[in-house]
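Hi,

Here is the structure I promised to pass on. Have a look at it first, and then read my notes below.

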2 protein chains.
Amino acid sequence: MTRKRSTPEAQGRYAYEGLDRALHEKARLSVMVSLSTRSDGLLFGELKELCALTDGNLSRHLDVLREEKLVEVWKGFSGRRPQTLVRLTAEGRERFLRYLGELQKLLEDTRRAQQAAEAAGAAVKRPERPDLDFSFRPA
Amino acid sequence: MTRKRSTPEAQGRYAYEGLDRALHEKARLSVMVSLSTRSDGLLFGELKELCALTDGNLSRHLDVLREEKLVEVWKGFSGRRPQTLVRLTAEGRERFLRYLGELQKLLEDTRRAQQAAEAAGAAVKRPERPDLDFSFRPA
């Protein structure tokens, strides 16, 4: 056990375990935000456009979201034309809200840090750690 | 051209291109938040603890961040013990702030959607799209 400077509060303080990997991936996050704006669902083509994704990419990410039971996919026809409707499940909405709560926490952590830095003045030019009796050189 | 319902505003509306992939990855995001709280840098061991990462994982992610010129790594000694100090570069701080701005935008988009949904009452039980003359069944 060599962690002398360790404190219980420090362990995982900025780990953000709530950043659910199924939701955090950029394209899926984009899909989830789009769907959260329409409780009655979005057509595949509409989603593609809102998220700026290709057919293949959107399909692949919808498969992941469906496996996780975050979205449901409905098939139907508009006249003779097959259509796909996608919407959030109740579980999807709930998990997404928890995810957003974690993002909010992250933003508050950085905001607090930024205010502290501004209060302390300009950025230091070289590493200064008065608590350590050694000097650093770039790796 | 078959996108009849397309509008110029819809294209990429929720794509969040500003979610920089170098920063958006969960472990690297955790490292960036940690470093943003300490302008004088953090020791490797401190970072490991704040982010709840293993040595190998942290090294790998620091390599990515260093290649992107987002962080700088300093080597030094504390007595005879080698130490590694990591801190944000000016560019890293700037790119991270832009990234945080995009997250803020995402949160505002979802908040607006949530308020609209609450105003409209409870969630619909089945897909209802009065603008479409067809019925859906689960895929």
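Start in chain B, where the axes of helix H2 (residues 26-36) and helix H4 (residues 55-67) come within 10 Å and cross at roughly 75 degrees. An axis here is a line fitted to C-alpha atoms, for helices over the stretch in contact, and angles run from 0 to 180 degrees between N-to-C directions. H2(B) and H4(B) are therefore roughly perpendicular to each other; the labels are roughly parallel under 35 degrees, roughly antiparallel over 145, roughly perpendicular from 65 to 115, and oblique for the rest. On the H2(B) side the contact is made by B:Ala27, B:Arg28 and B:Val31, and on the H4(B) side by B:Asn57, B:His61, B:Val64 and B:Leu65. Two residues are in contact if their C-beta atoms, placed from the backbone, lie within 7 Å. Sorted by class, this contact has 4 nonpolar, 2 polar and 1 charged residues. Nonpolar covers Ala, Val, Leu, Ile, Met, Phe, Trp, Tyr, Cys and Pro, charged covers Asp, Glu, Lys and Arg, and the others, Gly among them, are polar.

A word on what you're looking at: this is a predicted model, where local features need pLDDT of at least 70, side-chain atom pairs count only at pLDDT 80 or more, and totals for chains, interfaces and linings use all residues. Residues are numbered from 1 along each chain as its sequence is written, while chains are lettered from A and ligands numbered from 1 in the order in which they are written. The model scores ipTM 0.82 and pTM 0.83. Chain A has a mean pLDDT (the predictor's confidence in each residue, from 0 to 100) of 87, and 83% of its residues reach 70 or more. Within chain A, confidence is highest in helix H4 (residues 55-67), at 98, and lowest in strand E4 (residues 136-138), at a mean of 71.

Now for the layout of chain A. There are 5 helices and 4 strands, in the order α-α-β-α-α-β-β-α-β from the N terminus. Helices (H or I, at least four residues) and strands (E, at least two) are DSSP runs, numbered from the N terminus.

Which strands does E3(A) (residues 81-88) pair with? One is E1(A) (residues 42-43), antiparallel over 2 bridges, with A:Leu42 opposite A:Val86. Another is E2(A) (residues 71-78), also antiparallel, joined by 8 bridges, and there A:Val71 stands opposite A:Leu88. Pairing means that DSSP finds at least two bridges between the strands. E2(A) and E3(A) form a hairpin with 2 residues between them, and A:Gly79 in the turn has a positive phi of about 65 degrees.

Is H2(A) (residues 26-36) largely enclosed or open? It is largely enclosed by the rest of the structure, because 9 of its 11 residues are buried, among them A:Leu29, A:Val31 and A:Met32. Buried means 20 or more other C-beta atoms within 10 Å of the residue's own, exposed means 12 or fewer, and partly exposed is in between, with C-beta atoms placed from the backbone. Across chain A, buried residues make up 29% of the 139 residues.

Last, two loop residues to look up. Most residues other than glycine have a negative phi. A:Ala52, in the loop between H3 and H4 of chain A, has a positive phi of about 50 degrees. A:Lys69, in the loop between H4 and E2 of chain A, has one of about 60 degrees.

Cheers
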